[in-house]
Amino acid sequence: GWTPVSASAYGFKRSTEAGAYWLAPLESMKYDFFNNPRIGEQHQLYMPAMDLRGGDAIDVFFDYAYAQRSAQNNDRLELKVTADCGQNWLTVFSKSGTALATTGPTAGAEYVPDAADFSQWQTAQVALPGMNQGEVILKFEVTNDNGNALYIDNINVVQRLPSSVPEISGTMGFQAFPVPAKDALT
């Protein structure tokens, strides 16, 4: 249900090259700064609207991995939230350049997180102040500086002590792993 918005052929894509902490399935969202020559170009990835009325504080958790091409690249990742259909956006997460990097620069080739090095992934926890509302939309927004690849995985919106849970109609799919399981499923 995510909606990518891109001004060009470059944008968010589904990747099967890597997943956070190498948990199955190996899937994530990828933004390819490495092959995008358009400096300053922005791309967005919108989450479907959520009803977050009631309950306590709301947090978003997500995992990400990113390498600069060189220490001079300032690719930017932002997480923004709105409760008024996008008329006003609140930036709740913003990192760029070395602050965004989860590993050292990778100059010669497109970056793919190393399966043997879990430290290349970081988990962000971001508060959504004042977003206990009926039509909350999240978006990831990137600004290109022709650095290297960015991967985002395991996005979770958590509301503590919700006062109600809205009914979901229609068909839903679930994936559980590992199969077979002994003590726990994810």
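# Exercises on a predicted chain

In this chain, residues 24 or more positions apart account for 80% of the contacts with a separation of 6 or more, where contact means heavy atoms within 4.5 Å. The model is a predicted one, in which local features need pLDDT of at least 70, side-chain atom pairs count only at pLDDT 80 or more, and totals for chains, interfaces and linings use all residues. Residues are numbered from 1 along each chain as its sequence is written, and side-chain values use heavy atoms, with hydrogens and water left out.

## Exercise 1: Get your bearings

**Task.** List the elements of the chain from the N terminus on, and state what share of the residues is buried.

**Solution.** 

Step 1. The chain has one helix and 10 strands. Helices (H or I, at least four residues) and strands (E, at least two) are DSSP runs, numbered from the N terminus.

Step 2. Read from the N terminus on, the order is β-β-β-β-β-β-β-α-β-β-β.

Step 3. Of the 186 residues, 39% count as buried. Buried means under 20% relative accessible area, exposed means over 50%, and partly exposed lies in between (1.4 Å probe, protein chains only).

## Exercise 2: Trace the open sheet

**Task.** Work out the strand order of the five-stranded open sheet, then look at how E9 sits in the sheet.

**Solution.** 

Step 1. The order is E1-E4-E9-E6-E7, with antiparallel pairing. Two strands pair if DSSP finds at least two bridges between them.

Step 2. At the edges are strand E1 (3–6) and strand E7 (90–96), each pairing on one side only. Neighbouring strands of this sheet are turned against each other by 15° on average, direction ignored; here axes are lines fitted to C-alpha atoms, for helices over the stretch in contact, and angles run from 0 to 180 degrees between N-to-C directions.

Step 3. Now follow E9 (residues 137–143), which runs antiparallel to strand E4 (residues 42–46) and is joined to E4 by five bridges. Across this pairing, Leu45 stands opposite Phe140, and His43 stands opposite Val142.

Step 4. E6 and E9 also pair in the antiparallel sense, over seven bridges. Here Lys80 stands opposite Lys139 in E9.

Step 5. How many of the seven residues of E9 are buried? Seven of them are. One side holds Ile137, Lys139, Glu141 and Thr143, the other Leu138, Phe140 and Val142, so both faces are covered.

## Exercise 3: Explore the surroundings of Glu78

**Task.** Is Glu78 buried or exposed, and which residues does Glu78 touch?

**Solution.** 

Step 1. Locate Glu78 in strand E6. Its relative accessible area is 12%, so Glu78 counts as buried.

Step 2. Not counting residues up to four places away in sequence, Glu78 touches Thr91, Phe93, Ser94, Lys139, Phe140 and Glu141.

Step 3. The side chains of Glu78 and Ser94 are joined by a polar contact of 3.3 Å. Such a contact is a pair of N or O atoms within 3.5 Å; within protein, one must be able to donate a hydrogen and the other to accept it, and residues adjacent in sequence count only if both atoms are side-chain atoms.

Step 4. Glu78 also meets Lys80 in a salt bridge (3.7 Å, N to O), that is, a side-chain nitrogen of Lys or Arg within 4 Å of a carboxyl oxygen of Asp or Glu. Lys80 is buried at 14% relative accessibility.

Step 5. Widen the view: Glu78, Lys80, Lys139 and Glu141 are linked in a network of salt bridges.
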